[in-house]
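Me: I would like to learn how to read a few features from a structure. Can you take me through them?

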Amino acid sequence: MDKQYTILIVDDTEINRSLLSDMLASQYTIREASNGMEAVALLDKFHSEIALVLLDIMMPVMDGFEVLSIMKRSGWIDSIPVITISAETSSNYIDQAYDLGATDYISRPFDEKTVQRRVKNTIILYAKQKMLEGMVAEQILEKEKSNYLMVEILSNIVEFRNGESGLHVLHIRTITELLLRRLVQMTDRYAMTPSQIALIVNASALHDIGKISIPEDILNKAGRLTAAEFDIMKTHSAIGAQILENAPNHKNEKMMQIAHDICRWHHERYDGLGYPDGLKGEEIPIAAQVVALADVYDALTNVRVYKPAYPHDTAMKMIMDGECGAFNPLLLQCLAEVGPHLLDKLTEHSENQLFQTETQNLTNQLLAGGQVSSRTLALLEQERVKYQFFASMSKEIQFEYNEHTEILSLSEWGANQLGLPELIVHPLENEVLHQVISAEDYLDLHQRLRQATPANPVVNRTYLLQVHGQERRFKVVARPLWVGEEVTEMTGTIGKLLDIHDELEELDTFRRLAVQDSLTKLHNHMAAREMIEAVLDSAKGKTHAMLLFDLDDFKSANDRYGHLFGDEVLKYVASKVLDSISSQDIAARMGGDEFLIFSAVEEGIGPMVDHYYQALTDCYRGFTISLSMGIAFFPQDGADYETLFRSADQALYAAKKNGKQQYRFYNASMQEYLSVLSPMDHELDSDSADGGHLNKTV
């Protein structure tokens, strides 16, 4: 059998697998598993290739009965026959295997001819069964294709006589589908399955087939019809129904029955004032009600020989105001809800009908010709599911733009994520698209792609998108498509959008935490130092002041009221600092109760320092906040951060030694004064009642 079939041998004894392999390897491709778990893994990976399983019953890890149960739950047993192999001849074992879906049974020890014959017969039997199933499926597919083709031909003949655009039937199908899908979401009054909706959509194409009997001078009359002419025109609904009634399979084909109802009653009205039978309310089949509403909308919004096209908003208002007859209130609600997207859907479907990609054409040809095997379809479905999974995990949205047709196509998953249609016509002018990405940003991307070169083809930019009412940042990675190596003719664009909003938010948070004091939300020491050094590098002779201060007797607040109260005091002081400084000033918590303010000196230093000192001296919930502050100036007290900070620190130390509740400016005598202090003096000072002071040593 030229090894076109693969057999999976499952047995925990290697010699048994070897014997069976020797008997079958000349005719088949062999795969082996030593227990049920391995067998299930191989079936999961290669079930489309495996033609037969030879399955032992008694095995460790997972026995044969469990394998059969899994194959049954997974649906594999329907396409992969199983022959059980065992030395156990008890009828209970054999019957249980048959009940679980086994096809045949071979006992050990093996007889070579018996094994070969039963394997061959089983594979041939299933191959014939698959072939018959394929033939039936192909016949059904061909029948459906023929039905659809004939419906389309008949409906287009009617449109040709009626002088219409050729898109009327397509529009009716699209609007009908949108209304029906919204209707079943809104209410369970009209229970319809997806297949029933598809039947109504297909049948809607025949709604005006009766017009084939109407004289062309009436059908295409530019002016208003006379009463007699209108009576003739009205006969098309009954004539269309009669044409379908006379069809040989009318009573047997569900679509023909639905088409009949639509033809006869799509001009009936909910208030009973329609024709031909004056049906009222729910006496009118729901399929006819939906097509009637779709027909009126499309007639209003498109040119007819007797009228110009009305804009979408005008048509909607006319229908809602009852100018075009009475309709089911639920259907009017459906129309109102799908209305905002109706134009885009009609344009999308129309353009999709006229412009299909080569891949779509190839797929359609293969499906129409019945050339796709069940294995290929299964693999395609697996790839689609995997793609959707990985796309959703990576948050990638693929897109492609065709320069010639001006159609932007989005992946199915991506379109759902962005709340956009999969096909967008004229994206540079499309208002729905620009609700997601601004027209300016889309134009910017388009221009950057036009400026790309083969040496530098990739455009990598981040844009702000509105996704379901929320602003999110997306990275767009795209490249143009050219004809050959010519860069003068860009045929399109291919690329992807990557949602990086959450990652950027996390990065912003980490950056903020890296430079921010966690308690007071002021800058921390390291961040303040970097910012001040950057200012000093570009100061160009301007005077700046560094104010270093801590809270007097802060330790008593912690001791008396607890550390949580102490934290509240520090946060309160930080808020006072932020209220006092300008947007150009730098404020930081250096650690403990020590703070820093760095400010440019625009006027006299005295008023500025006094302003800060007075603003920060306060009372918080019974605790008096007083400060000891040291001030040093750039460049005279320090030409770099280290020297300037040391000078301010020494001035602060002098203020505290001089009795606290004051501020002191740095001068050279402080250096001499501090140098005579003993190490013990420093240690005692750091343990003083005000909670100590950081970095006291000179």
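Reply: We will go through a helix pair, salt bridges, and some backbone details. Keep in mind that this is a predicted model.

Me: Start with the helices. How do the axes of α6 and α11 cross, and at what angle?

Reply: Look at the approach of the axes and the angle together. Helix α6 covers residues 168-186, and helix α11 covers residues 286-301. Their axes come within 9 Å and cross at roughly 125°. That makes α6 oblique to α11.

Me: What is the handedness of the crossing of α6 and α11?

Reply: The crossing of α6 and α11 is right-handed.

Me: Which residues make the contact?

Reply: On α6, they include His168, Ile172, Ile175, Leu179 and Leu183. On α11, they include Ile286, Val290, Leu293, Ala294 and Tyr297. Sorted by class, the contact of α6 with α11 has 11 nonpolar, 3 polar and 2 charged residues. Asp295 and Asp298 of α11 are among the contact residues.

Me: Now the salt bridges. How many does the structure hold?

Reply: The count is 23 salt bridges. To read one, check the N to O distance, then where the partners sit in the chain.

Me: Which residue forms a salt bridge with arginine 529, at 3.1 Å between the closest N and O atoms?

Reply: That is glutamate 533. Both residues lie in helix α20 (residues 525-537). They are 4 residues apart, about one turn of the helix. Arginine 529 is partly exposed, with a relative accessible area of 29%. Glutamate 533 is partly exposed as well, at 31%.

Me: Where does the partner of arginine 529 lie in the pair that links distant parts of the chain?

Reply: Follow the side chain of arginine 529 to glutamate 642, where the two meet in a salt bridge of 2.8 Å, N to O. Glutamate 642 sits in helix α24 (residues 641-657), while arginine 529 is in helix α20. This pair links parts of the chain 113 residues apart. Glutamate 642 has 39% relative accessibility and counts as partly exposed.

Me: What does the pair of lysine 576 and aspartate 618 tie together?

Reply: Begin with the geometry: the side chains of lysine 576 and aspartate 618 meet in a salt bridge, 3.4 Å from N to O. Lysine 576 lies in helix α22 (residues 563-580) and aspartate 618 in strand β15 (residues 618-620), so the pair ties together parts that are 42 residues apart in sequence. Lysine 576 is partly exposed at 23% relative accessibility. Aspartate 618 is partly exposed at 24%.

Me: Which residues do salt bridges with shared partners join into one network?

Reply: Arg472, Asp499 and Asp502.

Me: On to the backbone. Why look at peptide bonds and phi values?

Reply: Because most peptide bonds are trans, and most residues other than glycine have a negative phi. Look for departures from both.

Me: Which peptide bonds are cis, with omega about 15° or near 10°?

Reply: A cis bond joins tyrosine 275 and proline 276, with omega about 15°. Proline 276 is in the loop between α10 (254-265) and α11. Another cis bond runs from phenylalanine 634 to proline 635, with omega near 10°. Proline 635 is in the loop between β17 (627-634) and α24.

Me: And phi? What is the value at lysine 660, and at glutamine 661?

Reply: Lysine 660 has phi near 65°, a positive value. Glutamine 661 is also positive, with phi near 50°.

Me: Buried, partly exposed or exposed: how do lysine 660 and glutamine 661 count?

Reply: Lysine 660 is partly exposed at 21% relative accessibility. Glutamine 661, at 55%, counts as exposed.

Terms used: Residues numbered from 1 in each chain as written. Predicted model: local features only at pLDDT ≥ 70, side-chain atom pairs only at ≥ 80, totals over all residues. Heavy atoms only, no water. Axes fitted to C-alpha atoms, helices over the stretch in contact; angles between N-to-C directions. Helix = DSSP H or I, 4+ residues; strand = E, 2+ residues; numbered from the N terminus. Parallel < 35°, antiparallel > 145°, perpendicular 65-115°, else oblique. Left-handed = near helix turned anticlockwise from the far one by under 90°. Contact = heavy atoms within 4.5 Å. Nonpolar A, V, L, I, M, F, W, Y, C, P; charged D, E, K, R; others polar. Salt bridge = Lys/Arg side-chain N within 4 Å of Asp/Glu carboxyl O. Buried < 20%, exposed > 50% of the residue type's maximum accessible area, 1.4 Å probe, protein only.
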